[in-house]
Structure formats: structure tokens, C-alpha cells
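Me: I have a new model open and would like to learn how to read it. Could you walk me through a few features?

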Number of protein chains: 2
Amino acid sequence: MKNKRHSIKDIAAVIGVSVTTVSFVLNGKAEEKKISKVVTDKILKYVEKIKYKPNQTAQSLRTGKSKIIVFMVEDISNYFFAKLARIMEDIAYKKGYKVLFCSNENNDEKSIDLINLFKDRQVDGYIIIPSAGIKSKIEELIEEGFPVILFDRYFPELDTNYVVVNNKEASYNATKHLIDNNFQHIGFVTIDVQQTQMIDRLNGYKEAITEAGFNENILKISLQDLTNYGGENSIQEFLEKTPKLDALYFATNYLALSGLKVLNENFPHYINKLGIITFDDLDFFGIYRPTISAISQPFSEIAQTLMNLMLSLLKNDIKGSPITQIKLKTNLVVRSSSQKR
Amino acid sequence: MKNKRHSIKDIAAVIGVSVTTVSFVLNGKAEEKKISKVVTDKILKYVEKIKYKPNQTAQSLRTGKSKIIVFMVEDISNYFFAKLARIMEDIAYKKGYKVLFCSNENNDEKSIDLINLFKDRQVDGYIIIPSAGIKSKIEELIEEGFPVILFDRYFPELDTNYVVVNNKEASYNATKHLIDNNFQHIGFVTIDVQQTQMIDRLNGYKEAITEAGFNENILKISLQDLTNYGGENSIQEFLEKTPKLDALYFATNYLALSGLKVLNENFPHYINKLGIITFDDLDFFGIYRPTISAISQPFSEIAQTLMNLMLSLLKNDIKGSPITQIKLKTNLVVRSSSQKR
DNA sequence: GTGAAAGCGCTAACAC
DNA sequence: GTGTTAGCGCTTTCAC
């Protein structure tokens with residue numbers, strides 16, 4: 001069973017030609033290099049018969065291309081990222097690329113370590129959710145000529161490829177939706193970070209609130225608190241200190257989950273009165289009672305956009321490619337938690 | 001900025017020794033090869049200074065080892081698998097390995113395609129959730145000397161390394177738990193497949209039911225129905241046709257989600273009367289009302305066991321390694337849905 | 001104690 | 001039209 005792998009040399013020997021000829025034929029350069037049809041066919045037929053597969057490692061060493069794309073997110077076990085990963089994987093494999101997934105925990109040091117690691121691995125391209133402090137590392141990658149695409153968030157001062165969603169507009173619309181449904185004291189629960197997507201969500205909220213002439217009620221949960229208690233204690237406190245709230249808008253789905261937990265445990269009477277809406281949809285929100293309204297990010301579209309952009313960067317010479325910055329539309333899924341009371 | 005990468009040759013030239021010496025030192029063979037302390041130190045210091053990292057591709061080509069481990073699951077966007085992936089990733093990176101995740105959709109053809117692909121990539125080891133028909137492919141891998149670990153399920157007739165949980169025992173205990181809480185007409189909702197883990201879960205249920213002298217009420221959802229409607233229509237029908245049911249036991253968490261959805265939409269009065277329990281815990285189940293009892297698989301332990309086993313297979317010569325078959329304990333998380341009424 | 005050199009499998013410039 | 005050969009960066013045998 002342990003039939004040794006075929007090499008291009010073996011093939012050449014069997015057919016009675018040189019490795020060059022075989023290589024040319026295999027790389028589709030038969031025409032260009034004017035290899036005779038007879039030889040070409042003979043080689044192709046034999047290759048087919050023995051199911052020859054080139055040794056990728058050797059190809060990589062020789063060409064400097066690894067056919068590997070890195071997909072670096074905060075945490076691959078997060079539903080949103082796992083879902084994207086699944087779709088990107090499929091597209092990549094179809095084009096002969098593999099995707100190496102990794103989690104940076106939104107940590108600069110870990111991000112940089114990982115990127116360094118991948119450079120040794122000759123990774124062809126990078127799709128990255130950048131942590132706050134790796135701007136210069138990203139710049140370095142770009143300067144070195146690697147295809148890089150940021151997503152979910154980006155560095156406004158850095159002219160890079162990125163794919164994001166319309167955070168501000170979506171956030172404005174969600175807030176407006178609550179206002180239109182007669183909610184007046186809308187609390188916004190977010191985390192205390194300077195990431196573009198979170199800033200945009202905050203600004204969308206503020207804009208709608210200001211426009212309506214209402215007051216802002218904002219809870220910014222510290223990262224430390226988020227890590228230790230999932231922010232539950234902060235939310236609890238916020239609810240206690242702001243009893244007039246008649247609606248809550250969560251800036252991410254995990255904040256909404258923490259919020260629901262707190263409401264369940266300590267304010268059970270509140271949960272059906274309060275208007276609730278959240279960024280990032282989950283299947284779960286359609287099953288919960290009340291069903292929870294959410295701003296849904298278009299998984300499939302994001303994944304496809306990222307991958308297609310990466311593949312095109314990889315194909316065309318990177319230096320010639322224009323910077324591409326894409327903002328995709330989210331979708332407001334209205335369920336019962338945000339209905340007029 | 002584009003400072004070309006250092007090669008072992010450059011180092012040799014700078015230090016004024018041969019590449020052999022450098023290679024020996026870098027591979028920790030200085031002592032063994034009796035390289036002088038002076039030279040060794042000089043090399044190590046320089047290497048440190050320029051932050052030299054060996055070219056992994058070249059190493060792979062030369063040694064035939066890629067430092068890549070494949071982790072093949074049904075669907076990486078599934079919470080359980082994504083969670084495992086996250087933990088395994090960390091362990092692997094610490095040991096200098098990368099993990100290539102991929103989804104086989106529980107499809108034989110896709111599994112085989114992927115395995116073939118990885119063989120060209122010189123992957124070092126395989127951790128696989130096998131789809132039903134790839135027994136011979138797994139055998140082939142093993143015969144060819146690759147470290148292979150199956151998990152979640154296995155082929156009883158095949159003597160391989162595997163890591164699973166105590167499905168039958170856990171299922172028995174969960175059913176017994178319902179019985180002890182005075183539920184008598186317990187429906188078991190599963191899918192119609194011949195996978196060991198599902199068979200064990202079914203048998204655990206059957207054993208507890210028989211022991212109690214009760215009647216079995218089993219719904220086996222066809223794969224087709226699962227794909228098209230998430231099994232919701234089957235569950236609906238099952239509930240309508242078996243009105244005497246006072247409890248439902250779901251064999252997986254996604255079945256439980258479908259079940260909850262059906263209950264919510266069409267039997268809202270039922271949901272607080274019915275005893276509910278499910279295999280595979282989700283955060284969600286702790287937030288739902290009622291909170292849902294579940295059999296929780298030990299993520300962290302599974303991931304660590306898998307990875308440590310793989311690393312030890314990779315270290316020791318595989319032929320010398322004994323077959324390791326591990327059955328881990330699950331944990332019954334009792335919440336309100338299974339309380340005595 | 002250290003170095004020369006072969007070779008992993010492939011690509012492609014150059015030679016004929 | 002096809003072959004010879006250098007070389008990608010590394011490991012390791014053998015020679016001195």
C-alpha cells in the first residue's frame with residue numbers, strides 16, 4: 001500500500017522526456033513552449049492515470065507561494081467568525097487555497113506573534129481583524145508586498161483594503177426604529193474600546209437620539225469587567241441606576257446575552273416591558289421569548305467579498321491593484337422585542 | 001524595510017563557519033556534534049540578534065514534516081467544534097504546530113477529497129470526525145504511517161486511536177434523571193444515522209426506559225428532513241401524534257433548538273409543562289426560560305486530550321505507539337426544564 | 001570540531 | 001521542440 005509518491009522525475013523517466021517538458025505541460029505551458037501535441041497528451045494521460053499530485057512543499061519553496069491564506073479573528077469560536085470561516089473555507093478550497101484560521105484574542109502581542117509566525121510560513125495573504133495596536137505591523141506587511149485585507153474594523157488613517165458593514169447607519173436605523181415605536185428612554189450598552197465599528201455604532205445611536213431630542217443613556221463596559229463577569233454586573237448596576245429606561249440597545253450579541261441573563265435573573269417582570277434590540281443576530285434570538293430584534297450582518301456576503309477580493313489580489317500583481325474599501329449593508333430583523341407597546 | 005530574509009548561508013558567511021555548523025547549532029546538536037562553545041555562542045548570539053527564523057517550507061521539504069495538524073469536523077461553524085478548535089489552536093501553536101481546520105459536512109466524498117489534498121500538503125497528523133463511509137480511507141492513512149485520531153465517533157471494527165465521551169452512560173443517566181423526576185412518557189428525538197455516538201445515546205435511553213418498565217417513544221429524523229427543515233416538521237408531527245408525552249429528550253443541541261422553536265410557535269402552553277433535556281450544552285440554555293437541562297461535553301478536556309495525544313504520537317515513532325482509546329466523562333447540568341412538576 | 005556536498009521536488013533561464 | 005542545469009533553504013552523511 002505504501003506506494004511511494006510519484007515525482008516529476010519519475011514521470012519524465014517513464015515517458016522518456018525531460019523533467020522540463022513534464023513541468024511545462026503540467027503548468028499549462030505546453031502551447032507557449034511549443035511542446036508537441038503527442039508528447040503533451042502522453043504526459044497528461046499518464047499523469048491522470050497515476051493520479052500524480054505535485055508536491056506542494058517543493059512548489060512553495062521554489063515559487064515562494066504557499067497557497068495559504070490566513071484568516072485572523074478575535075476568537076474563532078465566536079459564532080460570527082466561525083460562520084464566516086466556514087464559507088471562506090469552501091471558496092478557498094475550490095480555488096486551490098487553504099485557509100489557516102487563528103485567534104488573536106484582540107491582543108496586540110498575540111497578533112504580532114502570529115503574523116511573524118506566518119511570515120516564516122510564507123503565507124500568501126492576510127485577512128485580519130486588527131487589534132488596536134497593530135497598525136504599524138499591518139503597515140509593515142503591506143510595505144513588504146503582502147496582500148492584506150482588514151475587516152470588521154480598520155484604521156482610518158491607514159489606506160488599506162478593508163471590508164466592513166455600515167455600522168453607523170445600521171445603528172442609527174435601529175435606534176430610530178425604537179424611537180418610532182414610542183420608546184423614549186433608550187439605553188445603549190457597549191464596550192469601552194476605540195475600535196471603529198464600536199465608535200460608529202455609538203455615533204449612530206447618538207445621532208438618532210439627538211435628532212429625537214432625547215437624552216443619551218450610555219453604558220460603556222470596561223474590558224476587564226467584560227472578561228471577568230461578561231459585563232453582567234455592569235449591566236445590573238446600569239439597570240438599577242437608570243430605572244426610567246424603557247428600552248435597551250446592545251452593541252453586540254454577547255452583550256445582549258449577558259443582558260438577557262441579568263434581566264432573567266433579577267428583573268423578570270421587566271423583560272417583556274422593555275424594548276430590546278441588538279447588533280449581530282443569532283438563531284437564538286428567534287427562539288427566545290420574546291423574540292429579540294437584531295441587526296443582522298450578511299455572513300455570506302461578507303465572506304464572499306473578503307475571499308473574492310483576496311483571490312483577486314493574489315492573482316493580479318499586488319502593486320498594481322487599487323485599494324478596495326467595501327462597506328456592506330446590514331439587515332434590521334424586527335422581532336417582537338422592539339414592537340410598539 | 002524590505003530587508004531580505006536571512007538564510008542559514010548568510011549566517012554562516014557572517015560568522016565565518018560552514019552552513020553545517022550553523023545547522024547543527026540551530027538544531028541543538030552542538031554538544032552531540034562537539035561544536036566548540038565559542039562558535040556555538042557566537043552563532044546563537046548572532047541568530048538572536050537578527051531574529052533569524054528558519055524557512056519552514058525548506059525544512060518541510062527536507063524533512064518531510066510540515067508541522068501542520070489537520071482538524072476535520074462536520075462543520076467548523078458549529079459551536080461545539082469551534083470551541084474545540086479554539087483550544088486546540090492554542091496548544092498546538094505553543095508547540096510549534098499549526099492547525100488546519102476544515103469541514104467535511106459529514107460527507108464521504110468531501111472527506112476523501114480533503115484527505116487527499118492534505119497528503120499533498122504533507123500534513124503531519126490527522127484529527128478527524130469520520131463520516132460514515134470513509135473507514136477504508138482512514139485505514140489507508142494509518143497504513144501509510146500517519147498519526148490519526150478519530151473523535152466524537154469511531155468505527156468499532158477498526159482498531160484506531162480515538163477520543164469520545166461516555167454517550168451511552170450519559171444518555172442513560174439523563175433519561176434516568178427524567179424518570180426520577182416523575183416523567184413517564186419520555187420522547188427521544190434523534191437523527192436517523194448509524195454513527196456510534198448516536199447509537200450509544202439511543203441505547204442509553206432505551207436501557208433506562210426498559211428498566212423503568214416504560215414504553216419507548218422515539219423519533220428518528222431523516223437526514224433529508226434535517227437539512228431541509230431542521231427537522232421541525234418531523235418534531236411537530238411527533239408532538240401531534242403522541243399527545244401523551246410529558247418529556248422530551250433531544251439527542252443533540254440543534255435538535256433541541258428546533259424543538260424549542262416548534263414548541264414556541266405551536267404549543268406555547270406545553271413548554272412549561274414538558275420535561276426537557278438535551279445532549280450538548282449551550283450558553284443559551286442557561287438563559288432560556290425555562291432554563292434547559294443538558295448533558296455537557298467537557299470542551300477543554302476533549303481538546304486537550306486530542307492535542308496531547310496527537311503531539312505524543314508525533315513525537316514518538318508512530319509505529320511504536322500503542323493504540324489509545326479514551327472515553328471522557330460528560331456532565332449532567334440540571335436546570336429547571338427537567339425539575340419535578 | 002568543522003566543512004563539502006548531496007539531495008528533498010520543483011521551476012525556468014538558457015542551451016541546443 | 002526538448003534537455004541540462006542551477007537553485008529555492010534546509011538537513012545530514014561522510015570526509016578530513
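Reply: Gladly. Let's begin with helix packing: axes are lines fitted to C-alpha atoms, for helices over the stretch in contact, and angles run from 0 to 180 degrees between N-to-C directions. Two packed helices are described by the angle between their axes and the distance between the axes. Please keep in mind that this is a predicted model.

Me: At what angle do helix 2 and helix 3 of chain A pack?

Reply: The angle is about 80 degrees, and the axes of helix 2 and helix 3 (residues 37-49) of chain A are 10 Å apart. Angles of 65 to 115 degrees count as roughly perpendicular, and helix 2 and helix 3 of chain A are therefore roughly perpendicular to each other.

Me: Which residues meet between helix 2 and helix 3 of chain A?

Reply: From helix 2 of chain A come A:T21, A:V22, A:V25 and A:L26, which meet A:V39, A:T40, A:I43, A:L44 and A:V47 of helix 3 of chain A. By type, the residues of this contact are seven nonpolar, two polar and no charged.

Me: Now the DNA. Which residues are closest to DNA strand C?

Reply: A residue is near a strand if one of its heavy atoms lies within 4 Å of it. DNA strand C is surrounded by 26 residues, and the closest are A:I8, A:Y52, A:R62, B:T21 and B:R62. Helix 2 (19-26) and helix 4 (56-63) of chain A, along with helix 2 (19-26) and helix 4 (56-63) of chain B, each supply at least two residues of the surface near DNA strand C. The residues of that surface are 10 nonpolar, 11 polar and five charged.

Me: Where do polar atoms of the protein approach DNA strand C, at bases or at phosphate?

Reply: You will find both. A polar side-chain atom of A:R62 lies 2.2 Å from a base oxygen of DNA strand C, and a backbone N or O atom of A:A58 is 3.5 Å from a base nitrogen. For B:T21, a side-chain N or O atom lies 2.6 Å from a phosphate oxygen of DNA strand C. Of the DNA strand C atoms within 4 Å of the protein, 61% belong to sugar or phosphate and the rest to bases.

Me: And how do I read a sheet? In what order do the six strands in chain B lie?

Reply: Strands of a sheet pair through backbone hydrogen bonds, either parallel or antiparallel. In chain B the order is 7-6-8-9-10-12, an open sheet with mixed pairing. Its edge strands are strand 7 (217-221) and strand 12 (331-333) of chain B, each pairing on one side only.

Note on methods. Residues numbered from 1 in each chain as written. Chains lettered and ligands numbered in written order. Predicted model: local features only at pLDDT ≥ 70, side-chain atom pairs only at ≥ 80, totals over all residues. Heavy atoms only, no water. Polar contact = N/O pair within 3.5 Å; in protein donor to acceptor, adjacent residues only side chain to side chain. Helix = DSSP H or I, 4+ residues; strand = E, 2+ residues; numbered from the N terminus. Nonpolar A, V, L, I, M, F, W, Y, C, P; charged D, E, K, R; others polar. Pairing = 2+ DSSP bridges. Parallel < 35°, antiparallel > 145°, perpendicular 65-115°, else oblique. Contact = heavy atoms within 4.5 Å.
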